[in-house]
Amino acid sequence: LPDITSDKLKDFCNKIQRSAKGKKNVLGCLHKLMSDAYESGHIPKIPKFPTVNTGKKAVIWIDGEDQNIILSKIPDCDRYIFDFMRLTGCRPSEARAFRKIDIRKSNILFRVAFDRYEKEVEIKTKIERTYPIIEPLREVLDNAPDRDLRYRFTYSVTGKPYTRSTINRIWNRACDEAGVPRIKLYNA
């Protein structure tokens, strides 16, 4: 470890036969190893690590005015879940899996989400989140059609929880009808 220099790290990085993200992960593991060695007194310093450009794109977002235009194009029977996401800032997978048992008198809990296979899993952070019920949120919760015994928001056509493809199809159609460039629902 004491023989590893910034130049050697650059050479090593160039020889890793992985994608940019893979290279970044390998260098991250090596950096952790060297940090632990430094903290334990095995090496006198940590060399400067090369920066790996993963090509990560900036998050695209839309302003409130465009959100309103898009939401106005969503059918009334399906708008509740979108209003819920907007009011709470929760992820689409959390809104789709939002259960009636997670509604309290003065707050709601985010504890589960749907994974890519439409199975209930812990939310991404693994830490239960509490959100207060403000008046606009109370209206959404009180007025959304009650079609399922377990989940609060269900698709008007099937009466079952929204799938990832269904909710994205509704969103993309509304974006098109509103004349607003498509943006991922997760980012919106």
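Guide: We start with a rule. Buried means under 20% relative accessible area, exposed means over 50%, and partly exposed is in between. Keep in mind that this is a predicted model.

Visitor: Is glutamate 118 buried, partly exposed or exposed?

Guide: Glutamate 118 is found in the loop between E2 and E3. Its relative accessible area is 30%. Buried needs under 20%, and exposed needs over 50%. Glutamate 118 therefore counts as partly exposed.

Visitor: What is the phi of glutamate 118?

Guide: Glutamate 118 is not a glycine. Even so, its phi is positive, at about 65 degrees.

Visitor: Is lysine 126 buried or exposed?

Guide: Lysine 126 sits in the loop between E3 and strand E4 (129–132). Here too a residue other than glycine has a positive phi, near 65 degrees. The relative accessibility of lysine 126 is 56%. The cut-off is over 50%, so lysine 126 counts as exposed.

Visitor: Now the pockets. Which helix gives the most residues to the lining of the largest pocket?

Guide: The largest pocket holds about 410 Å³ of space. Of its 18 lining residues, the closest to the centre are Arg91, Ser93, Phe114, Arg164 and Tyr186. Helix H5 (92–96), strand E2 (112–114), strand E3 (120–122) and helix H7 (164–178) each supply at least two lining residues. The top contributor, with four residues, is H5.

Visitor: How many residues of that pocket lining are charged?

Guide: The lining of the largest pocket divides by class. Eight of its residues are nonpolar and two are polar. The charged residues number eight.

Visitor: Which residue's backbone oxygen does the side chain of arginine 96 reach?

Guide: The side chain comes to 2.9 Å from one backbone oxygen. That oxygen belongs to tyrosine 162.

Visitor: How far apart in space are alanine 95 and methionine 85?

Guide: Alanine 95 is also in helix H5. At 0% relative accessibility, alanine 95 counts as buried. It touches Ile81, Phe84, Met85, Cys90 and Phe153. In sequence, alanine 95 and methionine 85 are 10 residues apart, and from C-alpha to C-alpha the distance in space is 6.4 Å.

Visitor: Why do the buried residues of H6 line one face of the helix?

Guide: The buried residues of helix H6 (residues 135–143) are Leu137, Val140 and Leu141. The exposed residues Glu135 and Asp142 are on the face turned away from the buried side. What covers the buried residues includes helix H4 (76–88), strand E1 (107–110) and E4. Seen down the axis, the buried residues of H6 line one face because they fall within an arc of 95 degrees.

Visitor: How far apart in space are isoleucine 70 and aspartate 146?

Guide: Isoleucine 70 lies in helix H3 (residues 64–72). At 0% relative accessibility, isoleucine 70 counts as buried. Its contacts include Ile62, Trp171 and Val180. Isoleucine 70 and aspartate 146 are 76 residues apart in sequence, and their C-alpha atoms are separated by 24 Å.

Visitor: Which residue's side chain forms a polar contact with that of aspartate 102?

Guide: Aspartate 102 is in the loop between H5 and E1. At 1% relative accessibility, aspartate 102 counts as buried. It touches Asn107, Ile108, Leu109 and Arg111. At 2.4 Å, the side-chain partner of aspartate 102 is arginine 111.

Visitor: One last stop. What volume does the largest cavity have?

Guide: The count comes to one cavity of 30 Å³ or more. Among its lining residues are Cys77, Tyr80, Ile81, Phe153 and Tyr162. By class, the lining has seven nonpolar, one polar and two charged residues. The volume of the largest cavity is about 30 Å³.

Definitions and conventions: Residues are numbered from 1 along each chain as its sequence is written. This is a predicted model: local features need pLDDT of at least 70, side-chain atom pairs count only at pLDDT 80 or more; totals for chains, interfaces and linings use all residues. Side-chain values use heavy atoms; hydrogens and water are left out. On a 1 Å grid over the protein atoms alone, a cavity is a set of points where a 1.4 Å probe fits but cannot get out, and a pocket is an open set with protein on both sides within 12 Å along at least five of seven lines; lining residues have an atom within 4 Å of a point. Grid points are joined across faces, edges and corners, and a volume is the space filled by probe spheres set on the points. Ala, Val, Leu, Ile, Met, Phe, Trp, Tyr, Cys and Pro count as nonpolar, Asp, Glu, Lys and Arg as charged, and the others, Gly among them, as polar. Buried means under 20% relative accessible area, exposed over 50%, partly exposed in between (1.4 Å probe, protein chains only). A polar contact is a pair of N or O atoms within 3.5 Å; within protein, one must be able to donate a hydrogen and the other to accept it, and residues adjacent in sequence count only if both atoms are side-chain atoms. The arc is that of the directions from the helix axis to the C-beta atoms. Contact means heavy atoms within 4.5 Å. Lists of a residue's contacts leave out its neighbours within four places in sequence.
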